[in-house]
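Colleague: Could you take me through the pocket side of this one in some detail?
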Amino acid sequence: MISNPTNLPLWSILQDEYERIKDVHMRDMFEQDPERFEKFSIKFNDILFDFSKNRIESETLKLLINLAEQCNVGEWRDHMFAGDPINHTEGRAVQHAALRQRPGKRAFANGEEISQEIEEELQRVKALAESIRTRQWRGATNQPITDVVNIGIGGSHLGPLMVTEALRPYAIHDLKVHYVNNIDENHINNTLEALNPETTLFIIASKSFTTQDTLVNAHTAREWLLNRIENESDLHHHLVAVSANMEAAQAFGVAPENVFKMWDWVGGRYSLWSAIGLSIVISIGAENFDALLDGAYEVDQHFRTAPLAENIPVLMALIGIWYNNFFNSESIVILPYDQNMHRFPAYLQQADMESNGKCRDRQGNHVDYQTGPILFGEIGIASQHAFYQLLHQGTKLVPADMLVPISNQRCIARHHRALMSNIFAQAEALMLGKNEDEVTAELKAEGMSAEEIEKLLPYKLFPGNRPTNTFVFYTLDPKTLGSLIAMYEHKIFVQGIIWNLNSFDQWGVELGKKLANEILTELNTGEEVDSHDCSTNGLINYYLRTRPEKS
């Protein structure tokens, strides 16, 4: 096992490669190599991955591939797919990929076969979803369900929300799916104010069924139901749960037949493929959910079998490491140019930053190199009028991923061509920039005097040399979305292996949870506290003195 990648002789060679290439401009790379696009792009099904607008050359890529080989990426990948307990701090396998494995294929976790269990649970999910979609499932007063509310947080929220929004064109539009994750009462109150308890179904999605945020919202939902539904025994018409803690779900009042299973070998942020995706299946139907699984499965096979130099998730990971660890670029921006993907950056933010936002390696040592980047993003068109200024002329190098649909289900030519022109223009502008000669010629053409040009010139210069990856896909259908998600999942895995991290635990989330539970007890007691630092004591006591009685 490679404990510290920076101690590899190859790391020093890569550092020399960085010194060689750091001041080379991409516009010169393209001028010197007219076949650069063909060399640095890969087609996978209907997805084109163009990575030609990066500050790399063939030699750079060779060295980065060697890094993946020396860090045993292939071996670790095989361990993951075999169901070995690579999440060593929790003694668990990492088998979210098994959830999209096709029927008849065998999968294992910690030496036990899990294939049949996965298939049985998937069939249960599809059956419930179908009964709601066809209006066979009835509420306590024999009315069909018109609204489904998913109550969860983190992976039990972001994945289903992102997919449901992304695949809106495939949904039944008179069956509404809502998502509540914020413990702030405004979120659940705003959601429920337009709903009818008699026609609403709640999905309580919590792997542990102990998460404070989810349970507080779940209790509010239960009370809201009981304001209209007289008998608690009728709640089973309106409550289902997805959890690994069957006992806690039943104790809350969910009927045993309404509890769907999660497993400890599925991390929350990788769980949308499981019963956590129940709201997705309700929204888009079983056939489209199968297509989502198929798209991810095909990427799994690509990741398992394609040579590293032609392996899209591996290349995504290596390019990210090149900027993060050699160019000292500490962030990456995700820019979907499809409005329905507006939650995709937030979903990836959790997947990436919760997985690799760590300062301890697999041996427990403190790392002295950069690990996971800061990931942010927004819809591309809106971003052009927001933070693109920093991307173009700021002091920070921010690599960008652009995700681009060639068409969509309701394509209007004037809209879509305008959209595509912006995409191509922004990627080109980030790469080329604008030099002094070009700016001078432009301002002269506008009729400016030499004096006016001299004053304005510095502000119109664009350094360029800003890297982008572009994913071009025909349309955002379920299969394509499944493929895109899986590509990023495996990218995160590869980077974690090279950085020698366990990408599948999240102990950093636990401390805040524990302290919040302790402080909640103090807030419920209502007595002045002195058990914390002076700032926390001051804030708690100020809150206790000034809160209204009902808070």
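Modeller: Three helices, α9 (212-226), α14 (344-356) and α21 (510-525), each give at least two residues to the lining of the largest pocket, and α21 has the largest share, five residues. Helices here are DSSP runs (H or I, at least four residues), numbered from the N terminus. Mind that this is a predicted model, where local features need pLDDT of at least 70, side-chain atom pairs count only at pLDDT 80 or more, and totals for chains, interfaces and linings use all residues. Numbering starts from 1 along each chain as its sequence is written, and side-chain values use heavy atoms, with hydrogens and water left out.

A pocket, on a 1 Å grid over the protein atoms alone, is an open set of points where a 1.4 Å probe fits, with protein on both sides within 12 Å along at least five of seven lines; lining residues have an atom within 4 Å of a point. The largest pocket holds about 1,000 Å³ of space, the volume being what probe spheres set on the points fill, with points joined across faces, edges and corners. Its lining runs to 44 residues, and Thr211, Gln506, Val509, Glu510 and Lys513 sit nearest the centre. By class that's 15 nonpolar, 19 polar and ten charged, where Ala, Val, Leu, Ile, Met, Phe, Trp, Tyr, Cys and Pro count as nonpolar, Asp, Glu, Lys and Arg as charged, and the others, Gly among them, as polar.

Now the second largest pocket: about 560 Å³, lined by 17 residues, with Glu185, Val216, Leu520, Tyr543 and Ser551 nearest its centre. Helices α8 (185-192), α9 and α21 each supply at least two lining residues there, and α21 again has the largest share, five residues.
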